[in-house]
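Colleague: I am new to this structure and would like to learn how to read it. Could we go through it feature by feature?

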Amino acid sequence: MPPGVRPTDRPVLAVLVPGLPQLLRGRIASGGFALLLWIFFVVVVVVRWDRVSGAIAAGFDHQVALATLILGMALVWGWSLRDALRTEPEPRVGRSQWTLATRAFRKNRVAVLGLMAVTLFYLTALLTPFLAPFDPTQQGSLVAERMLPPSGEHLMGTDQFARDVLSRVLYGARVSLSIGFVAAGIAITIGTLLGAISGFVGGKVDDMIMRFVDMVISFPRLVLLITIIALFEPSIFLIITVLGLTQWPQSTRIVRGEVLSLREREFVQAGKALGYSAPRMILRHVIPNTLAPVIVAATLGIGDTIVLEAGLSFLGLGIQPPTPSWGTMVADGRADLLGGWWMSTFPGLAIVFVVLSFNLAGDGLRDALDPRLRSG
Amino acid sequence: MTRFLLRRILGAIPLVLGIATIVFFVLNLAPGDPVSFFTSPAVTPEVLEQMRRNLGLDQPVHVRYWRWMTSMLQGDFGVSFARNQPVREIIADILPNTLILSVAAMFLAFVGGVVVGVLQAIRQNRFVDSALSVIALFFYSMPSFWLALMLILIFSLGARNLWGWPIWFPASGMTSVDYPFMSPGAQLRDRVMHLVLPSFSLALVLAAGIARYTRGSMLEVIRQDYIRTARAKGLSERRVVLKHALRNALIPVITLFGLSLPFLFSGAVLIETVFAWPGMGRLVYGAITQRDYPVVMAGAFMFGVIVILGNLLADILYSFVDPRIRYD
């Protein structure tokens, strides 16, 4: 046996059951998660073979789901095989800030769990066309299937229009998760740019931007949101844009604080001495060094955004029916809270668990990315 | 001290005016016609035109802005389109209701949050700490309107109709139908009972955040030298924690008071809707859907003013309890 090859490596096993060799070697987290994902994918393919095989002809949603399935399986399989075939011990050189942060994050078990849950939620959302037992907008028999309590056939019961609640919760995930992601993206882009300009340029520009930030922050965000949305036609694009446009002040403050401390550093002085233009300094040298706290704020911001979107939908100003959205579903259940408790309870629980996993992952990221909080 | 106060108050004025300006332009530059609320086959276009003129909507934006600003600064918020009643009267009726709810929720949130945070800090990394952390994060991730529905389901509907508990809480309004016929003692009890569920729904989410913050602040203080000194002097653990550590750990928590106000009011819009609580949040939400601009502008303005006043109060309190902050 050549030196460096670990005797416990089982490439054949890795080909057949990805994740299992890693799990057997005692890597519970990565191996277990890979195995879990693999089982998930295989079960989907086997149980829903009719839908998977007919996906290409079944429209865009199904095509996306098929692409996700193939890509996901390829990734898990490829990772496991490469990992099992690796003959060199892990390289010990070149520990960048990011490597250190990854290691610190991995030590935080709860945060890793949160990140895995987030991954699973996104996968579920993308694979929903294969997973959902029923069509979320298909109304059943209003006489026989209306407001059935949870049972074997309808795991979360049915609503007033005899629609399957579980399928609606699954389809609702797509709205919540994509809105959270895109709105956070808009918010950190604007927030980072304005914060960097504010901190780097200083003076009057800084004063003006920060006064504006103070004003937006001291305003109840939901009131601002319903004001703007009520004036236009509610649509998913409007909601994403408005959520993103009202979330940036937090990241502006964070980035500005970081930039103020970076501004006096040697590498910025060097850049100035070399005659770099302000935009080049900001975009190429200042912003990359402020990314860590921004990523944390974005992760925690996704949770806030999902809750806010649910609140808007709850008031009837968010996603419009018949598209299922968790907030709307909770509101629908209000009509008969006692007789149909499952109608409000399950979509609400879905919100709680998704937001909880984003918050766990965000907390872990903050601890991992902040060198002051990092232990060992 | 007086100079510090004066400077802070003067600094808040442009903020208030800025908020008013933003609210005005968002509402007035957006598409939509307030008079459309009255449109029906029975109303001729001439009448609508006359209404527009009466409401001053035929004037250019800058004229309307100037008029609105000057009259608002004199305390006149105009007349509600939908209710045909001076906005000042409406707000004077309704603002106290929101304040009752907010103050109750704030009180519950800060007391509960600080107690949980301190408990966690003195039992750091033990079972109590991790259990409370998980519970706090769970509540922190919860939409308040869903929590409200679950509380209604359990402590109002379920308690009364399913399980027959001796105590259940009303889930709608501020008072019962027979409130005017009650004795003063029963009236007070009725009001408190109606306040329980809405204030808890608002407070729990906030308390979870405060607990997280208090824990961190407390842990930082407990490591300080003067705490070791206090222990070395032979003071009881109780005295060390409550007298020496808590007082200093609470200083940064004060800033949360100002920061949590906008969050509280956002929650109030939803909670007041769920509990049919006649407060500002529900008023503004109703006015927005009816395009009742004077009410929306006045309501949004009031929210902004209260938040700024809250922040001002937090700043002053902060400088009061922390002698390291100088007044000039």
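Predicted model: local features only at pLDDT ≥ 70, side-chain atom pairs only at ≥ 80, totals over all residues.

Colleague: Is A:Ala65 buried or exposed, and why?

Modeller: A residue is buried if 20 or more other C-beta atoms lie within 10 Å of its own, exposed if 12 or fewer, and partly exposed in between, with C-beta atoms placed from the backbone. A:Ala65 counts as buried because it has 23 C-beta neighbours inside 10 Å.

Colleague: Which residues does A:Ala65 touch, not counting those up to four places away in sequence?

Modeller: Two residues are in contact if their C-beta atoms, placed from the backbone, lie within 7 Å. By that rule A:Ala65 touches A:Ala55, A:Leu126, A:Leu127, A:Pro129 and A:Phe130, leaving out residues up to four places away in sequence.

Colleague: How many helices and strands does chain A have?

Modeller: Chain A has 17 helices and zero strands, and of its 376 residues 43% count as buried. Its C-alpha atoms fill a box of roughly 75 × 70 × 40 Å, taken along the principal axes.

Colleague: At what angle do the axes of α3 and α5 of chain A cross?

Modeller: Axes are lines fitted to C-alpha atoms, for helices over the stretch in contact, and angles run from 0 to 180 degrees between N-to-C directions. Here the axes of helix α3 (residues 28-47) and helix α5 (residues 60-85) of chain A come within 10 Å and cross at roughly 145°. The residues of this contact divide into nine nonpolar, two polar and no charged, where Ala, Val, Leu, Ile, Met, Phe, Trp, Tyr, Cys and Pro count as nonpolar, Asp, Glu, Lys and Arg as charged, and the others, Gly among them, as polar.

Colleague: How many residues does each chain bring to the contact between chain A and chain B?

Modeller: Chain A gives 32 residues and chain B gives 39 residues. On the side of chain A, α9 (203-217), α10 (221-231), α15 (291-314) and α17 (341-369) each supply at least two residues, and by class that side has 21 nonpolar, seven polar and four charged residues.

Colleague: Why is α10(A) described as largely enclosed?

Modeller: Ten of the eleven residues of α10(A) are buried, so this helix is largely enclosed by the rest of the structure. Among the buried ones is A:Ile226, which, leaving aside its neighbours within four places in sequence, is in contact with A:Leu315, A:Leu317, B:Tyr285 and B:Ile288.

Colleague: What is the phi of B:Ala276, and where does that residue lie?

Modeller: Most residues other than glycine have a negative phi. Phi of B:Ala276 is near 50°, a positive value in a residue other than glycine, and B:Ala276 lies in the loop between α9 and α10 of chain B. With 12 C-beta neighbours inside 10 Å, B:Ala276 counts as exposed.

Technical notes:
Residues numbered from 1 in each chain as written. Chains lettered and ligands numbered in written order. Helix = DSSP H or I, 4+ residues; strand = E, 2+ residues; numbered from the N terminus.
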